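Work through the exercises below with the sequence and the coordinates open. Each task is followed by a solution in steps.

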Amino acid sequence: MDDLDRSILHALQISPRASWTAVGRVLGVDAVTAARRWDRLRSTGRAWTTCYPGVRLIGASFTAYVEIDVQSGRAMDVARALAAHPQVVTVEHLAGGRDLLVMVLVQDLGALSELITEHISALPGVARTRAALATRVFSEGSRWRLRSLTPAQQRQLTRPATDQPRTELDEHDHRLITALSRDARAPAVELARETGLSAPNVRRRIAGLMHRGDAVLRCEIARDLTEWPVAATLWASVPPGEIDKVAQGLSALPELRMCSSVTGPHNLLFTLWLKSVADLARLETLLADRLPQLQLVDRAVTLRLVKLMGKLLDERGRATGTVPINPWLPPGA
């Protein structure tokens, strides 16, 4: 990727459905050039857009992180089988402590139990599973940025916050979020055909979902094309009264991708993007100095991302397809 590619991707990280006219105006290029560059990046799997439930919907459902130990030589078979489930949104093959780590979104605890016992633990090759529920998500990947645009350019792409009335979401909203998880830039006419809504209704609903935080739209880049090709997940213990302060301190790290408090023996889970494996030691030293109340208890480096927020990835981290995210679907349906 060149500087223009990175600038286009940074623009879409800020405003995933921005028009090419708006993007071109901010970057000083014509809309046709911006669109052509994006099509090249997307068609080669180097960049893509997705969508998933926002804070309110996450709070009304359940997010779980499931660690999986598998028999020797079966990791990829199990990972690919897990990736086929619309409730399993992310699948990682790790080095250290567990073979696979998956993130799951489900409607209720019964669905989580069924998914783990009947569709994860029952897979050939799975030896053991351990699940931890997210109690609060402090930060997630949509906040991560490439840092290619100037502050002035970023402000031009940032939509001002507006008050939106809180409304009950219906099945049309659920279907719309699932459809957007395949392509968050899909035209309203295409989304209308998929959801049974009119195109103007689709536009209004997307605007409302985004402004209320009920849906998160995200532009993603193959990690090895960034300056941070290595991902590491860390488990930590923090005194309960200090967890908000620690999460705030972690959010100041430009390397932070995700941070969540969880149930289980360790109450904090977070993911970092790093410039090298050796960079992990530097950051651990930094954290020990800045956040002494944070006790790191385990860490694992991602060997391969098999699925990331609904997108299926190849061995180079390029998008090859999508299993649309659908936490409202019963396991196995």
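The model is predicted: local features need pLDDT of at least 70, side-chain atom pairs count only at pLDDT 80 or more, and totals for chains, interfaces and linings use all residues. Residues are numbered from 1 along each chain as its sequence is written, and side-chain values use heavy atoms, with hydrogens and water left out.

**Exercise 1. Overall dimensions**

Task: Compare the radius of gyration of the chain with the value for a compact globule.

Solution. Step 1: take the radius of gyration over C-alpha atoms, and the globule rule as 2.2 Å times the number of residues to the power 0.38. Step 2: for 333 residues the rule gives a value near 20 Å. Step 3: the chain has 20 Å, which agrees with a compact globule.

**Exercise 2. Content, burial and surface**

Task: State how many helices and strands the chain has, and describe its burial, contacts, surface and charges.

Solution. Step 1: assign elements as DSSP runs, with helices (H or I) of at least four residues and strands (E) of at least two, numbered from the N terminus. The chain then has 12 helices and 12 strands. Step 2: call a residue buried under 20% relative accessible area, exposed over 50% and partly exposed in between, with a 1.4 Å probe and protein chains only. Buried residues are 56% of the 333. Step 3: count a contact when heavy atoms are within 4.5 Å. Of the contacts with a separation of 6 or more, 77% join residues 24 or more positions apart. Step 4: compute the accessible surface by the Shrake-Rupley method with a 1.4 Å probe, where for residues only the protein chains shown count as cover. The total is about 14,700 Å², and carbon and sulfur atoms hold 52% of this surface. Step 5: count Lys and Arg as positive and Asp and Glu as negative, leaving out His and the chain ends, and place each charge at NZ of Lys, CZ of Arg, CG of Asp or CD of Glu. The mean positions of the 42 positive and 35 negative charges lie 5 Å apart.

**Exercise 3. Nonpolar cores**

Task: Find which residues of the largest nonpolar core touch the most other members.

Solution. Step 1: define a core as a set of buried Ala, Val, Leu, Ile, Met, Phe, Trp, Tyr and Cys residues joined through side-chain atoms within 4.5 Å. Step 2: the largest such core has 27 residues, and those touching the most other members are Ile8, Leu9, Leu12, Trp20, Val23, Leu27 and Trp38. Step 3: two or more residues come from each of helix H1 (3-14), helix H2 (20-27), helix H3 (31-43) and strand S6 (215-221). H1 gives the largest share, six residues.

Leaving out residues up to four places away in sequence, Leu27 touches Leu4, Ser7, Ile8, Leu149 and Gln153.

**Exercise 4. Positive phi**

Task: Is Met309 buried or exposed, and where is Met309 found?

Solution. Step 1: most residues other than glycine have a negative phi. Step 2: Met309 has a positive phi near 45°. Step 3: Met309 is in the loop between strand S10 (295-308) and strand S11 (311-313), and is buried at a relative accessible area of 6%. Step 4: Arg147, also not a glycine, has a positive phi of about 70°. Arg147 sits in the loop between strand S5 (126-139) and helix H7 (151-157) and is partly exposed at 43%.

**Exercise 5. Sequence separation and distance**

Task: What separates the C-alpha atoms of Arg143 and Ser251, 108 residues apart along the chain?

Solution. Step 1: Arg143 is in the loop between S5 and H7, and is exposed at 54% relative accessibility. Step 2: Ser251 belongs to helix H11 (residues 243-251) and is partly exposed at 44%. Step 3: their C-alpha atoms are 9.8 Å apart. Step 4: for Thr44 and Leu291, 247 residues apart along the chain, the C-alpha separation is 41 Å.
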